[in-house]
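These are my notebook entries on one chain. I set down here what I looked up, entry by entry.

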Amino acid sequence: MFIQKKYLILFTVIFIAAAFYCYNPFTLYFQNDDFIHIPLSRDGVLLQRNSFRPICDLSIMLDYYLWGKNAYGYHLTNLLLHIICTILVFSFTKSLCKKYKLAANYPFAFITSFIFFLYPMHSEAVFWVLGRSAILGCVFFLLCCIFFIKREQKMFFLLSILSALAAWLSYESAWVLPIILLIFSLVDIKMKYSAFKKELLFISTIIIFFLIYIIVRNYFINEVVGQYEAGGFLSFNIQILATNLFKLMMRSLLPPFANSVWPVILFVLIAAAFALFYLRLKEKNIKLFFPLFIIFWLIALTPCASLGVDTKGTEGERFLYLPSIFVCMIISFFIHHAFTKKGLQKIILALLIIFYSSILYINAGNYRLAGNIAKTTIDEINKLKGKQTLYVQNLPQAQKGALIFRAGLPEAVKWLKNPGSIDTVVICSQMPENTSLQNPYLVKNNVAPFLTCKDVNLMGLKNDVGFIFTDSSLIISR
């Protein structure tokens, strides 16, 4: 047994403590695109900015009716969805282990889901309100796979189709579902769990519904994929796609690095360890499924190859949320089968949990700081009375990948400002994204530095105000 049941209580306690400490929704705020899309969802707009994610938009709309302008409620929903997804990872892993005799299903599934919950390389999806689209897509993806495993029963197959439709209406990463399900069908044919004709019917039905989804999507937004999501694919730029895919693979396993050399070296060492582990495998089923999970991981990463991921920050980690399911399975299999002594397994697992918790703690700090700066900005705007125009210089865009105001400040002011505050926001300049902001972030009032924006000198304007951001403080020029 991978881990004794008496230790599951300890892990459960750690699980709950980590949820409230690292993912604490009461310490987070709105960021960046939240200020754009939440008001749109409030107004019932379900096809926002040429996107086709109505389930995510509906969830935001429901959140608005529940929480209004209280950011903690939206983050609480994200955390609950992440917990639901973690439970489904447990169920999916348990079903695979039970059907294909891969490991002791209960403890192995528990460890896989526990790693998934703490996994810090997909933290953007949880910490950023709009990152929930990736979580929702993953929830329905997992439901589809769980039901598909039991597809011999008509009800479960119908549920798998409905779950697939919900996944596609939540996030584009779930487009890989037909391929993943096809591989499961091929495995069942190879292992003589099912007949070719039956599996052909199952997969054909899934593909037909996917094509229907694509037609409906094209009807509503007049395109299947846009330049933003698929620019690299549309231009067939092999170099960009290959580079981005490698970055996605590397960041699936490793946290952000300031240095560009060490992560490559570590990634190569991890890949070599996995290769040696595979060569030593003797159990037939494990020898089949270990490379299959790696294939699933690569398939899940491929749709994001046009966009890539930040290697020095957390931006883009939402693209890793679905692939990380298979990464966590790979890690669990590796620990369970590469180290035969249970004591050594526990030590490695404990070290891994400490490492992941540390990275998650750092990421949480960056998102708290990013949210704090956004909230401070809005609070200071709401203190202004009788001012006509706000000029903003060096507007902070991100804190190590945690977006702040790359976009959304004018929309935030429109949505959250008090009556009688400013009328217009003019963004003069934005801070470089690689600027590291300091915590605590201070506010300096009644300071009048020289600020120019479009030939406007605030020194001579009585009814206007200027916000000047530095790496450590917001300077208010009146």
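Before reading the sheet, I noted the rule for pairing: two strands pair if DSSP finds at least two bridges between them. I also noted that the model is a predicted one.

**Entry 1: strand pairing**

I looked up strand 5 and strand 9 (residues 473-477), which pair in the parallel sense over 3 bridges. For Val443, the bridge partner in strand 9 is Leu474. I then looked up what packs on the sheet and found helix 16 (residues 342-382). Helix 16 touches strand 1 (389-393), strand 5, strand 8 (464-469) and strand 9. The direction of helix 16 makes about 160 degrees with that of strand 8.

In what order do the 5 strands of the open sheet stand? I read the order 4-1-8-9-5, and the pairing is mixed. Strand 4 (424-427) and strand 5 (442-444) stand at the edges; each has a single partner strand, so one side of each is left without a neighbour in the sheet. On average, neighbouring strands of this sheet are turned by 20 degrees against each other, direction ignored. As a reminder to myself, strands of a sheet pair through backbone hydrogen bonds, either parallel or antiparallel.

I followed the loop between strand 4 and strand 5, where Pro440 lies. The peptide bond from Asn439 to Pro440 is cis, and its omega is near 5 degrees.

**Entry 2: the whole chain**

I recorded 17 helices and 9 strands in the chain. How does the radius of gyration compare with the globule rule for 478 residues? The radius is 24 Å, close to the 23 Å that the rule gives, so the chain is as compact as a globular protein of that length. Along its principal axes, the C-alpha trace spans about 80 × 55 × 45 Å.

**Entry 3: two helix pairs**

I kept in mind that two packed helices are described by the angle between their axes and the distance between the axes.

At what angle do the axes of helix 2 (residues 34-42) and helix 3 (residues 54-67) cross? They cross at roughly 80 degrees and come within 8 Å. Angles of 65 to 115 degrees count as roughly perpendicular, which makes helix 2 roughly perpendicular to helix 3. In this contact, Ile38, Ser41 and Arg42 of helix 2 meet Asp57, Ile60, Met61, Tyr64 and Tyr65 of helix 3. By class I recorded 5 nonpolar, 1 polar and 2 charged residues.

Helix 9 (residues 177-190) and helix 10 (residues 196-221) pack at about 180 degrees, with axes 10 Å apart. Helix 9 is therefore roughly antiparallel to helix 10. From helix 9, Pro178, Leu181, Leu182, Ser185 and Ile189 meet Phe196, Glu199, Ile203, Ile206 and Phe210 of helix 10. By class, this contact has 8 nonpolar, 1 polar and 1 charged residues.

**Entry 4: helix 4 and positive phi**

I checked the span of helix 4 (residues 71-100): at 1.5 Å a residue, its 30 residues should span 44 Å, and the end C-alpha atoms are 44 Å apart, which agrees. Lys101 follows helix 4 and has a positive phi, near 55 degrees. Asn32 is not a glycine, yet its phi is positive, about 50 degrees. I placed Asn32 in the loop between helix 1 (5-22) and helix 2.

Note on methods. Residues are numbered from 1 along each chain as its sequence is written. This is a predicted model: local features need pLDDT of at least 70, side-chain atom pairs count only at pLDDT 80 or more; totals for chains, interfaces and linings use all residues. Side-chain values use heavy atoms; hydrogens and water are left out. Helices (H or I, at least four residues) and strands (E, at least two) are DSSP runs, numbered from the N terminus. The expected span of a helix is 1.5 Å times one less than its number of residues. Axes are lines fitted to C-alpha atoms, for helices over the stretch in contact, and angles run from 0 to 180 degrees between N-to-C directions. Contact means heavy atoms within 4.5 Å. Angles under 35 degrees count as roughly parallel, over 145 as roughly antiparallel, 65 to 115 as roughly perpendicular and the rest as oblique. Ala, Val, Leu, Ile, Met, Phe, Trp, Tyr, Cys and Pro count as nonpolar, Asp, Glu, Lys and Arg as charged, and the others, Gly among them, as polar. The radius of gyration is taken over C-alpha atoms; the globule rule is 2.2 Å times the number of residues to the power 0.38.
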